Amino acid sequence: MMTIGETLKKEQKELGLSQTKMAGDVLTKSYYSKIERNQYEIKATDLIKILRLHDIDVIHFLKILCR
């Protein structure tokens, strides 16, 4: 099973986005980077905002997360 940070990183790479672009106006690049490295946790509301920002289906994301 992947972590949320690993799953976000996978989606970011597949979309060809930088961490700054992936974080958008939801989180700072620094905070987002620490989530990817599993140093910080992300609030569910912020996760959903990031997923919506990039048109990532929440169910799709959760399926990847739970593999």
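Biologist: Why does Tyr31 count as partly exposed?

Modeller: Tyr31 has a relative accessibility of 32%, and since buried means under 20% relative accessible area and exposed over 50%, with partly exposed in between (1.4 Å probe, protein chains only), Tyr31 counts as partly exposed. This is a predicted model, in which local features need pLDDT of at least 70 and side-chain atom pairs count only at pLDDT 80 or more, whereas totals for chains, interfaces and linings use all residues. Residues are numbered from 1 along each chain as its sequence is written, and side-chain values use heavy atoms, with hydrogens and water left out.

Biologist: What makes the pair of Tyr31 and Tyr40 tilted?

Modeller: A search of the whole structure finds 1 aromatic pair. The ring centres of Tyr31 and Tyr40 lie 4.8 Å apart with their planes at 50 degrees, so the pair is tilted; rings of Phe, Tyr and Trp (its six-membered ring) pair if their centres lie within 6.5 Å, and planes under 30 degrees apart count as stacked, over 60 as edge-to-face and the rest as tilted. Tyr40, at 37% relative accessibility, also counts as partly exposed.

Biologist: How do you know whether Gln12 is buried or exposed?

Modeller: The relative accessible area of Gln12 is 5%, and therefore Gln12 is buried. Gln12 lies in helix H1, helices (H or I, at least four residues) and strands (E, at least two) being DSSP runs numbered from the N terminus. A polar atom of the Gln12 side chain lies 2.8 Å from the backbone oxygen of Leu17. Leaving aside neighbours within four places in sequence, Gln12 is in contact (heavy atoms within 4.5 Å) with residues including Met22, Tyr32 and Glu36.

Biologist: What puts the buried residues of helix H5 on the same side of H5?

Modeller: In H5 (residues 58-65) the buried residues are Phe61, Ile64 and Leu65. They cover an arc of only 100 degrees around the axis, which puts them on the same side of H5, the arc being that of the directions from the helix axis to the C-beta atoms. These buried residues pack against helix H1 (4-15) and helix H4 (44-53).

Biologist: Which residues form the largest nonpolar core?

Modeller: That core has 12 residues, among them Leu8, Met22, Ile56 and Phe61; a nonpolar core is a set of buried Ala, Val, Leu, Ile, Met, Phe, Trp, Tyr and Cys residues joined through side-chain atoms within 4.5 Å. Helix H2 (19-23), helix H3 (29-36) and H4 are the elements giving two or more residues to this core, and H4 gives the most, with 3 residues.

Biologist: Why is the chain called as compact as a globular protein of that length?

Modeller: The chain contains 5 helices and 0 strands. Its radius of gyration is 11 Å, close to the 11 Å that the globule rule gives for 67 residues, so the chain is as compact as a globular protein of that length; the radius is taken over C-alpha atoms, and the rule is 2.2 Å times the number of residues to the power 0.38.

Technical notes
A polar contact is a pair of N or O atoms within 3.5 Å; within protein, one must be able to donate a hydrogen and the other to accept it, and residues adjacent in sequence count only if both atoms are side-chain atoms.
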